Amino acid sequence: MCRWLAYSGSPINLEKLLYEPEHSLIHQSLHARLGAETVNGDGFGVGYYDDVEVPPAVFKDTKPAWGDRNLRELARHVRSPLFMAHVRASSGTAVQQTNCHPFRHGNWLWMHNGAISQFGRLKRDLVLAVEPELFPAIEGSTDSEVMFFLALTFGLREDPPGAVERMVGFVEETGRAHGVEHPVQMTVATSDGERLWAFRYSTERRSRSLFHSTTTECLRDLHPEVFMRAELSGDARVLVSEPLRDLPGLWIEAPESTFTVISHGLFEMHPFHPKPE
């Protein structure tokens, strides 16, 4: 599977989260503790916003994240108020740049940890449900990218939670039609540059791990030795596949079958219910 993180708050250098914590995302690319795989070396990607009027920048490569000098250089110099990063462990599709996360379409970014079970059996039916105008924009061969374009088809730009619920419901219906008992396993992050959504769900209700940071004020009260020096605004939040630091009170696990929305100080969590088409 994979490991990922997403950040929203005041602009910070990407390296603050990608490299500096004791269990940083780069560390997790070699030594993941909660994932299905310990090593996530089948490529990486970062997507970051600096102006919501233009599409986000995306940098990807098929090399392992832990040894990429260009990623280290980029992370040291790029500052962003909203960014995503992902280290990949392929679930069967090719190790190629177009299969690395996050995926981008217009102002939207999308990344995924998990899998569509027996994707090869379901792929034709799923891909043919993508809106014809969107179909040419699919570049890779992953289940994750197909999920993204299905969500766009079902209205991601107008109603992100509803679109993801409809997408998951459609995948589950398609899976069951092909005899796949538990089609969906996912933690997903997506953003339009203004807001950030994260989803934790699986058909069998045993989803991959997902955590969110507590409030910045709470972090500073609990651990001033760490966070008084950090460039974090009062509304800063971090979403992660697994904790970046072993500090009590720092991380809260997202409940099963929920989604989170973060936007300019807003932090809400709601139940997630797939909606069959």
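Are F199 and F272 buried or exposed, and what is each of the two? F199 is buried, and F272 is buried as well. Buried stands for under 20% relative accessible area, exposed for over 50%, and partly exposed for the range in between, with a 1.4 Å probe and protein chains only.

The model is predicted, so local features need pLDDT of at least 70 and side-chain atom pairs count only at pLDDT 80 or more, while totals for chains, interfaces and linings use all residues. Residues are numbered from 1 along each chain as its sequence is written, and side-chain values use heavy atoms, with hydrogens and water left out.

**Exercise 1. Describe the surroundings of K60.**

Step 1: locate the residue. K60 is part of strand β3, residues 57–61. Helices (H or I, at least four residues) and strands (E, at least two) are DSSP runs, numbered from the N terminus.

Step 2: look for a partner of opposite charge. K60 is buried but has no salt bridge; the nearest side chain of opposite charge belongs to E139, 5.9 Å away. A salt bridge requires a side-chain nitrogen of Lys or Arg within 4 Å of a carboxyl oxygen of Asp or Glu. For charge, Lys and Arg count as positive and Asp and Glu as negative, while His and the chain ends are not counted.

Step 3: The side chain of K60 reaches the backbone oxygen of C100 at 2.6 Å and the backbone oxygen of P102 at 3.0 Å. A polar contact is a pair of N or O atoms within 3.5 Å; within protein, one must be able to donate a hydrogen and the other to accept it, and residues adjacent in sequence count only if both atoms are side-chain atoms.

Step 4: list the contacts (heavy atoms within 4.5 Å). Not counting residues up to four places away in sequence, K60 touches F44, G45, Q97, C100, H101, P102 and F103.

**Exercise 2. Classify the aromatic pairs F154 with F170 and F199 with F272.**

Step 1: apply the rule. Rings of Phe, Tyr and Trp (its six-membered ring) pair if their centres lie within 6.5 Å; planes under 30 degrees apart count as stacked, over 60 as edge-to-face and the rest as tilted. The count by this rule is nine aromatic pairs.

Step 2: the ring centres of F154 and F170 are 5.8 Å apart and the planes stand at 70 degrees, so this pair is edge-to-face. F154 sits in the loop between α5 (143–153) and α6 (160–177), and F170 in helix α6, so the pair links distant parts of the chain, 16 residues apart. F154 and F170 are both buried.

Step 3: for F199 and F272 the centres are 5.6 Å apart and the planes are at 75 degrees, so this pair is also edge-to-face. F199 belongs to strand β8 (residues 196–202) and F272 to the segment after β13 (266–271), so the pair ties together parts 73 residues apart in sequence.

Step 4: F199, Y201, F259 and F272 make up one aromatic cluster.

**Exercise 3. Which rings lie under R72 and R237?**

Step 1: a charge sits over a ring if NZ of Lys or CZ of Arg is within 6 Å of the ring centre and within 35 degrees of the ring normal.

Step 2: R72 lies over the face of Y19, 4.2 Å from the ring centre. The charged end of R237 is over the ring of F267, at 3.9 Å from its centre.

**Exercise 4. What is phi of Q118 and of R205?**

Step 1: phi of Q118 is near 50 degrees, a positive value in a residue other than glycine. Q118 is in the loop between β6 (108–116) and α4 (119–128).

Step 2: phi of R205 is near 60 degrees, again positive in a residue other than glycine. R205 is in the loop between β8 and β9 (211–213).

Step 3: Q118 is partly exposed, at a relative accessible area of 40%, and R205 is partly exposed at 46%.
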